[in-house]
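Trainee: Could you walk me through this protein, one piece at a time?
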Amino acid sequence: LASLLVPLSLCRNRSSSAGSVGSEFVPNPTSDVTGPLAIGRVARGTVNDIVSRNITMVLENLLMNYENSQLPTHGKGTPTVVKTNIYIRSMGPISELDMDYSMDCYFRQYWRDSRLSFLGPIKSLSLSIKMLERIWRPDTYFYNGKHSYVHTITVPNKLLRITQEGDILYSMRLTIKAKCTMDLRNFPMDRQSCPLILGSYAYTSGQLVYEWQDNSSVNFVPGMALSQFDLMGYPYRNLTFVRREGEFSVLQVSFNLQRHTGYFLIQVYVPCVLIVVLSWVSFWIHREATSDRVGLGITTVLTLSTISLDSRKDLPKVKYATALDWFLLMSFGYCIATLLEFAGVHYFTKVGSGEFPLQEEFMEDDEAATTDAEWEDIGREVLPGTDSDKDDGGFCTATATTACVHSEVSGAGLTSATATTTTTTNRRRGSSLFCALYNDQVYSLSPDPRRSMTITVSSKPSTMERQTQTELWLPKWRQFIYCLMGDMAFRKRRQREAADGCRKHGERIERYINSVSHIDRAARIVFPASFTLLIVCYWMVYVTYQEEFKWQDPPMGSQSH
């Protein structure tokens, strides 16, 4: 390389001689200052031009007999070592649907090629990327890459630098889109380990070995943050694995990520809990408001269906249920259980409530008809003060049951009267009759032979105090079994009780339609308590139990080519 050094020494001699000539022939002080400076600028420009021309000559001489298809250590019996580091500028998005992630980084590779070493005043040369086509470079590729590219705006973002010893730095700016196999069983409280695996495409470990440059080979831009995840760590390692073509040296870095649950708490969990709580309002709604309670239950189920479909649109169709799926299923179960609870209330408490028609065949099988004397007793019970209320204009009112008495007096002198008594024979006729508690019955009593009285008993008391059927006492467990079996004899008896009433130990047992069902009373406690317990267990299991991050080895079979 004497051609590079000699021109530089000649330039120094020319600059010194030019200075002496200027001082001898130009006595003007001004010329003494300006003359040497002007000549010096010309000399420095000449030096730069000479150095540039000589660098080009050096490269031409280096590449004259250079074979870019051979490894730098070809014929030496040792593999070429390529050291690598990555500087990550940004990361994301991370897609669960496609199971991949993207990142923007500076990817740098270092290796030594002694064939490109030189001597000179410059320690390193920054070369044009056109030189890449004329020298050997490693065939690095990303094993789990899906779509990666080099940035080319405004020019290809690549750097090539060579030192005197032949050390080469090859840097480029890449956007890497790599595959990340995710286990979503704990979604959205999951942890994911997304690997980046790189190595040689064709050279085995006996020819080319990859190594991380130092202990800080993977770095991030300060302040970098991910939208949905926390970066818990990024361990990296060197490894060798076997393919069909032989053993290959690869590098791996794993980005360990912990998902943020705030978005899902606001968008899914809290609305689901509120909807389930809203479905429990039906326990406090009157049990005869069938349309209201059923409508509320159906609305909550449909709303949960909408939330469930919306939460699944960004997730892959995996074969297992995620943690979010289990929570939605639990919410669905409670909303549907609310509807089934009302079905139980309707079935167990409305059979004999008087709303079911009493068929004639049921009525004919009843016990002996009520006698006239019994109806007179009923009239006395309904109108305890009949004799004393003669002067009240022919009307009276009973406190226990709404009744209206109409007096019918003969025209002239109350000469004669015919006692008219309405028996229960007509009551038992007709294709279908409703319970007496819901229909008005007209009875004619004749306590006084001179007066005929017609008693109209209304079975429609006030809304909150309407009486329903009386029932023969049976253990609740036996009633439950009869209802589940659909026992027709039990059903007929309940219908008779609704029409006639019964006595237990000489006392009438009364119930009210608008009273609260025992099932509703139990549901008001059981549903909230059990749901709260399940939620606590759910969060304890999925939050406290977290699997440790594991390395994901490169798949062997799929990498063969």
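Mentor: We will look at the whole chain and then at two residues.
Mentor: This is a predicted model, so local features need pLDDT of at least 70 and side-chain atom pairs count only at pLDDT 80 or more, while totals for chains, interfaces and linings use all residues. Residues are numbered from 1 along each chain as its sequence is written, and side-chain values use heavy atoms, with hydrogens and water left out.
Trainee: How many helices and strands does the protein have?
Mentor: There are ten helices and 20 strands; these are DSSP runs numbered from the N terminus, with H or I and at least four residues for helices, and E and at least two for strands.
Trainee: And what share of the residues is buried?
Mentor: Of the 561 residues, 38% are buried, where buried means under 20% relative accessible area, with a 1.4 Å probe and protein chains only.
Trainee: Switching topic, where is Gln258 found?
Mentor: Gln258 belongs to strand β13, residues 246–259, and is buried because its relative accessible area is 15%.
Trainee: Which side chain does Gln258 join in a polar contact?
Mentor: The side chain of Gln258 meets that of Arg191 at 2.7 Å; a polar contact is a pair of N or O atoms within 3.5 Å, and within protein one must be able to donate a hydrogen and the other to accept it, while residues adjacent in sequence count only if both atoms are side-chain atoms.
Trainee: What about Ile135, buried or exposed?
Mentor: Ile135 is buried, with a relative accessible area of 4%, and sits in the loop between β3 (124–127) and β4 (140–142).

How values were computed. Buried < 20%, exposed > 50% of the residue type's maximum accessible area, 1.4 Å probe, protein only.
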